[in-house]
Amino acid sequence: MIFDTLFLSELEVIGNIDDFSSPTKVTTIDSIAQKELNLHDIGELLAAFSPVFVKSYGRGSLSTVSFRGAGASHTKVLWEGVNINSPMLGQTDFSLLPGSFFDEIDLQYGSGSLSQVSGALGGSVNLVSNGIKNDNQIVVQQSIGSFSTYLTSAAVYLNNSNFYSSTRFIRQSSLNNFTYFNNAILPSGDDMTQSNANFTNLGFTQQFLYNISGKQQISFITWNQWNTRNIPPIMTNVEKGGNQIEWNNDFFSRNVLKWVLYNENTRWEAVGAYFYEELDYFLETEDELNSPISLIDSQNKVETYSFAWNVSSELFENLFFDAGMEMLQQEVNSNNYLKKKQRNSLSNYINLKKIFNNKITVEGLLRAENVDGELLPLMPMLGINYKPVANQNFNFRINGSKNYNIPSLNDLYWYPGGNANLKPEESFEVEVGLDYVTMFSKKHNIAISASAYSSLINDWIIWLPGDYRYWSPKNIAEVYARGGELSLRISGEFGEVGYNIFSEYAYTLTTNNSDSAMASGLSDVQLMYVPVHTANGYVNVNYGGYYANWNLSYTSSRNTSLNNDEDYSFPLPQYVLNNISLGKKINLKKAKFDVRFKVFNIFDVDYQAILWRAMPGRNYEFSLSFTL
Amino acid sequence: MFKKIIFILSISLLFSCSKKEDVNNDIDDISNGGVFIVNEGNFSVANSSLSYYNPETSIVTSNMFYQVNNVPLGDVAQSITINNELIYIVINNSGIIYSIDRKTLEFKGKISELTSPREIIFINDQKAYISDLYSSSITIVNPTDYNIIGKIELGKSSDCMVKYDDEVFIANWSSYAQTKVNNTIMVVNSENDMLTDSIVIGVEPNSMVIDVEDQLWVLCSGGFMNDEMPTLWKINLYTHEIIKQFIFADIQKNPDNLCINGTGDSLYFLNDGVTVMSIHDQQLPDNMLIDENNRNFYLLGLSSVDNEIFVSDALDYNQNGVIYRYKTNGKLISSFEVGIIPGCFAFNNQ
């Protein structure tokens with residue numbers, strides 16, 4: 001959505017649909033849902049409340065998100081409008097995004113995000129930290145959970161009409177030493193304790209915002225985080241010798257300076273960003289005398305500089321114009337590259353949107369990107385939104401787009417194996433959908449949304465073992481992804497009792513139609529780790545400060561190899577997880593307390609999200625939140 | 001689309017000449033004369049598996065270890081060794097070696113706490129050696145109770161092993177666990193478990209065989225980053241002296257999988273395709289016996305009964321592999337599907 005800031009006051013947010021005239025699909029994670037998991041990471045939040053697929057190696061471990069059968073690197077994450085995907089990996093680890101740092105989380109499906117970023121072949125996640133509170137406020141939250149998991153979160157908001165400051169802090173630590181049934185090593189039947197899975201995250205954000213005048217604003221925000229985690233062995237490898245030590249430490253500092261000017265119908269914005277990231281991966285095997293034998297010590301430093309400006313305006317009545325430019329420089333200094341590597345890109349976009357008779361919205365976008373002196377083919381998007389009945393929030397939308405995702409720097413330069421000759425991945429997508437929002441008895445809101453899409457991704461990059469022991473990426477797959485999403489949201493009240501019911505369902509078929517896949521008869525096989533069905537449901541009931549929530553999520557079976565034949569491989573079975581929480585809000589004068597007790601995986605389901613990676617059974621969390 | 005249809009048609013024609021064989025999941029079919037295939041699977045994914053092929057019935061049985069024991073084989077099954085009534089499977093990245101019954105495949109015992117085991121070789125009923133990629137020593141175990149009873153410090157990483165009289169020849173394939181170049185065959189006396197000699201050959205010795213004239217043959221790939229020319233060495237087993245060195249023409253190639261036929265006079269190895277030479281040849285052959293074509297040959301084996309040639313195609317290493325079975329003259333007999341990355345054969349002959 002392009003005009004969100006400019007027209008925020010005019011927009012009525014009902015259900016989870018942001019902009020009824022948009023031809024692309026954008027949803028917002030509901031604030032009640034967000035609160036439910038605000039002491040967890042965004043990966044856990046999306047797994048519980050959205051139809052995207054979250055591939056998690058366990059709490060505190062790597063967690064990636066994919067939309068619509070595309071890959072994790074086809075999900076672009078924007079924070080304050082700036083892409084935070086790792087330039088090295090091309091993807092974002094959602095376990096490092098603390099829920100309490102963001103005021104709003106939007107999901108943009110398909111290529112609707114082309115005005116902000118290219119390469120979101122699946123979709124993008126927009127994180128907004130910029131939540132101005134009307135009054136000065138202090139929020140302190142503490143949670144205590146199973147497996148020695150502690151999280152402290154604090155925030156201070158100051159508002160002095162023209163000057164605004166927000167400070168947020170979190171510290172999370174967990175031993176993560178849960179017990180699980182290990183059926184992956186003989187003799188089997190033993191309960192085991194997960195080892196070497198502890199993690200700590202420490203982070204803060206600081207934002208200053210100054211209103212230079214009623215129409216001009218300057219803001220600065222910094223997000224700094226230190227993450228330390230050990231990496232547990234997979235279930236088959238718990239008896240490995242050699243005292244293996246494996247960990248992952250990272251630090252990042254993300255800084256964004258923004259200037260905004262409102263002028264009649266026009267909004268000008270300039271954004272400068274500087275990101276610094278350090279990623280260290282360490283794996284050591286020791287001999288009997290505790291001296292190291294084999295060692296991987298991968299040290300990587302990434303710096304990103306970006307400068308962008310954009311202007312959006314209502315040129316004539318109901319004709320909206322938006323254009324912008326971004327200059328980006330990424331620099332990687334890694335002991336896995338032969339030398340320091342840099343990438344420079346310049347991108348431009350122009351977007352026009354015309355609304356006819358308050359019924360039909362036509363939007364067209366064109367993006368051009370030059371990467372290291374080479375111009376990518378143009379990326380266009382065209383969409384139409386049609387509202388047949390004047391006073392009804394009933395909208396049809398259709399859009400088509402072409403998008404490119406450039407290879408990550410590891411794809412190009414990792415030594416050995418990196419392939420500097422990779423082409424960008426190319427996608428064509430069409431999408432149709434409808435959104436309907438209505439109210440009945442003035443007390444109940446219903447929002448229904450349905451979408452269907454079809455996309456073809458060519459030159460999909462896959463790392464394959466080469467002729468000799470190291471892997472190398474190639475533009476190999478031709479992926480055909482198609483499917484649909486359904487969403488139903490009802491909220492309202494019966495007298496004193498308020499309720500919210502959210503449910504989401506996604507159907508995803510994704511296959512590799514390349515010549516080689518067809519030749520080996522694998523072109524009909526669902527890609528690895530993409531479930532055909534995912535669904536979730538959420539029920540919230542509240543009365544007089546008391547509330548109860550129930551959340552259910554379903555993931556259908558997944559292939560873990562290219563062959564789905566059970567005679568050969570280990571398809572992972574479907575699973576259903578249920579979480580409940582009960583709480584009470586208490587107001588004492590100006591102070592507000594919120595006491596909450598949660599039970600995760602209440603039926604103690606023994607499941608694997610990834611083959612032979614242990615996951616915890618039933619576990620508990622108690623949290624207390626204080627707001628003044 | 002039309003192009004694809006033509007392509008599929010041509011592929012199906014290509015394969016229709018060779019017989020596609022049945023898949024079965026019955027373990028009753030473990031007969032004499034068949035072959036076990038250990039499929040490595042992908043590193044840190046733990047999708048290794050065990051397949052069996054019976055040439056008499058042409059039946060392939062897959063994922064047998066899991067079917068019998070309800071537990072996955074583990075993370076990167078590296079090698080398989082038959083010792084009397086037991087089968088030992090070395091699971092490299094799980095750091096364990098399973099022993100299973102040769103007829104029922106039921107779990108019998110386990111050696112664990114190994115660092116990165118590669119192969120097991122049996123010295124006698126009370127003693128076996130285990131080579132290890134990440135350890136600078138050989139682990140000595142007692143196969144009767146699966147206990148570790150000692151170590152032989154080599155100062156180097158160890159890989160494939162062959163035994164001749166009371167000497168064990170151990171290839172230093174990798175440069176892990178050492179600062180020196182990986183270009184030696186280490187000799188251990190199996191009576192007193194002492195390192196007695198070290199023979200310098202080419203970089204990265206990957207496979208060894210003993211011929212009918214009591215000579216040791218060692219194939220070296222020259223290093224995975226192509227440090228030097230690949231080489232083949234003929235060594236006197238008694239004096240440990242090098243009789244002859246053959247140098248391959250192309251530094252980019254990584255020949256491996258040296259095998260010998262039942263009569264011990266013909267060498268077979270993979271250098272893209274399958275190459276064969278006599279132990280008396282004075283130079284490396286120019287021709288392939290079996291061309292690789294567009295396949296990805298990964299493993300070579302010879303059945304000792306009738307010298308049939310078994311070659312595995314690991315395809316893209318992510319999907320089920322294929323085994324091609326040829327006559328000694330290179331004529332294709334049949335092909336069959338096994339698990340991911342077929343990496344080791346054990347011919348089940350008594």
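Is Asn318(A) buried, partly exposed or exposed, counting the other C-beta atoms within 10 Å? Asn318(A) is partly exposed, because 13 other C-beta atoms lie within 10 Å. (A residue is buried with 20 or more other C-beta atoms within 10 Å of its own, exposed with 12 or fewer, and partly exposed in between; C-beta atoms are placed from the backbone.)

The views below show a predicted model, in which local features need pLDDT of at least 70 and side-chain atom pairs count only at pLDDT 80 or more, while totals for chains, interfaces and linings use all residues. Residues are numbered from 1 along each chain as its sequence is written, and chains are lettered from A and ligands numbered from 1 in the order in which they are written.

**View 1. The loop between strand 17 and strand 18 of chain A holds Asn318(A).** Helices (H or I, at least four residues) and strands (E, at least two) are DSSP runs, numbered from the N terminus. Asn318(A) has a positive phi of about 65 degrees, although it is not a glycine. Glu317(A) also lies in this loop, between strand 17 (292–316) and strand 18 (319–334). Glu317(A) counts as exposed because it has 8 C-beta neighbours inside 10 Å. From Glu317(A) to Phe356(A), 39 residues apart in sequence, the C-alpha to C-alpha distance is 9.9 Å.

**View 2. Backbone geometry in other loops of chain A.** Most residues other than glycine have a negative phi, and most peptide bonds are trans. Asn196(A), not a glycine, has a positive phi of about 55 degrees. Its place is the loop between strand 12 and strand 13 (199–213) of chain A. Asn196(A) counts as partly exposed because 16 other C-beta atoms lie within 10 Å. The peptide bond from Leu186(A) to Pro187(A) is cis, with omega near -10 degrees; Pro187(A) sits in the loop between strand 11 (179–182) and strand 12 (190–193) of chain A. A cis bond also links Tyr415(A) to Pro416(A), with omega near -5 degrees. Pro416(A) belongs to the loop between helix 3 (409–413) and strand 24 (425–440) of chain A.

View 3. Strand 25 (residues 444–465) and strand 26 (residues 471–494) of chain A run antiparallel and are joined by 20 bridges. (Two strands pair if DSSP finds at least two bridges between them.) Ile448(A) stands opposite Leu488(A) of strand 26. Strand 26 of chain A is also joined to strand 27 (residues 497–512) of chain A, by 16 bridges and again antiparallel. Glu493(A) has Gly498(A) in strand 27 as its bridge partner. Two residues lie between the strands in the hairpin of strands 26 and 27 of chain A, where Gly495(A) takes a positive phi near 60 degrees.

**View 4. A four-stranded open sheet in chain B has the order 10-11-12-13.** The pairing in this sheet is antiparallel. Strand 10 (117–124) and strand 13 (147–153) of chain B are the edge strands, each pairing on one side only. From one strand to the next the twist averages 25 degrees. (Axes are lines fitted to C-alpha atoms, for helices over the stretch in contact, and angles run from 0 to 180 degrees between N-to-C directions.) Three bridges connect strand 11 (residues 127–132) with strand 12 (residues 137–142) of chain B. Tyr129(B) has Ile140(B) of strand 12 as its bridge partner.

View 5. Five of the six residues of strand 25 (residues 297–302) of chain B are buried. This strand pairs with strand 26 (residues 309–313) of chain B in the antiparallel sense over five bridges, and Leu299(B) has Ser312(B) as its bridge partner. Between the strands are six residues, and Asn307(B) takes a positive phi near 55 degrees.

**View 6. Surroundings of Thr184(B).** Thr184(B) is in strand 16 (residues 184–189) of chain B. Thr184(B) counts as partly exposed because it has 19 C-beta neighbours inside 10 Å. The C-alpha atoms of Thr184(B) and Ile199(B), 15 residues apart along the chain, are 5.3 Å apart. Beyond four places in sequence, the contacts of Thr184(B) include Asn172(B), Ser198(B) and Val200(B). (Two residues are in contact if their C-beta atoms, placed from the backbone, lie within 7 Å.)
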